[in-house]
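Subject: Structure handover

Hello,

The structure is below, followed by notes on what was found in it. Please read the notes alongside the coordinates.

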Amino acid sequence: MSSKKNNRKAAKNPSRKNPSPASAKITGQFEGNISAMGELHIGPRASCKASIRANKVRIDGSFNGQIAAQKNMSISPGASAKGSFHADTLRVDGNMEGQAFVRDRMDLSPTAQMKGNVVASRFVVADGASFDGRISVGRFASNPVRKAA
């Protein structure tokens with residue numbers, strides 16, 4: 001009898017080993033916290049104000065907030081992102097404003113426009129990109145970035 005009771009409890013309360021979705025896509029307006037085990041995609045018509053934790057993040061729309069990406073993050077052409085960003089790699093093809101903390105490599109493409117501070121192991125700026133801010137690269141990359149006076 002007790003095993004039937006336990007089975008019913010298990011059915012009502014399934015295991016929550018993986019409560020985060022594997023991947024997620026935002027297509028409209030969203031405000032809040034997001035956690036995804038896989039890739040989070042902010043669509044081209046989306047507007048998102050959030051704190052995000054995900055394996056990978058791709059922004060095609062508008063974003064304001066904080067992102068902690070375990071692997072890579074990208075901001076597409078025509079997209080805009082404002083806030084604090086942490087990632088292994090970060091590629092900017094659109095507009096970005098804020099702080100970037102990149103464990104490996106950050107790339108600004110020819111269409112990129114960035115205003116803010118960067119801490120990265122490697123920082124690549126393509127011909128045509130726009131950058132206004134402070135940079136700490138290489139062995140200094142572990143030091144925190146100070147706000148401009």
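A salt bridge here is a side-chain nitrogen of Lys or Arg within 4 Å of a carboxyl oxygen of Asp or Glu. The model is predicted, so local features need pLDDT of at least 70 and side-chain atom pairs count only at pLDDT 80 or more, while totals for chains, interfaces and linings use all residues. Residues are numbered from 1 along each chain as its sequence is written, and side-chain values use heavy atoms, with hydrogens and water left out.

Salt bridges

The count comes to five. Among them, D60 and R58 meet at 3.1 Å, N to O. R58 is partly exposed at 33%.

Another is D104 with R122, at 2.8 Å, N to O. D104 lies in strand 7 and R122 in strand 8, so this pair ties together parts that are 18 residues apart in sequence. Strands are DSSP runs of E, at least two residues, numbered from the N terminus. D104 is partly exposed at 31%, and R122 is partly exposed at 40%.

Strand 7

Strand 7 covers residues 95–108 and includes G98. G98 is buried, with 19% relative accessibility. Leaving aside residues up to four places away in sequence, G98 touches G83, M114, K115, G116 and N117, where contact means heavy atoms within 4.5 Å. With the same exclusion, the contacts of M106 include L90, M96, M114 and R122.

Regards

Note on methods: Helices (H or I, at least four residues) and strands (E, at least two) are DSSP runs, numbered from the N terminus. Buried means under 20% relative accessible area, exposed over 50%, partly exposed in between (1.4 Å probe, protein chains only).
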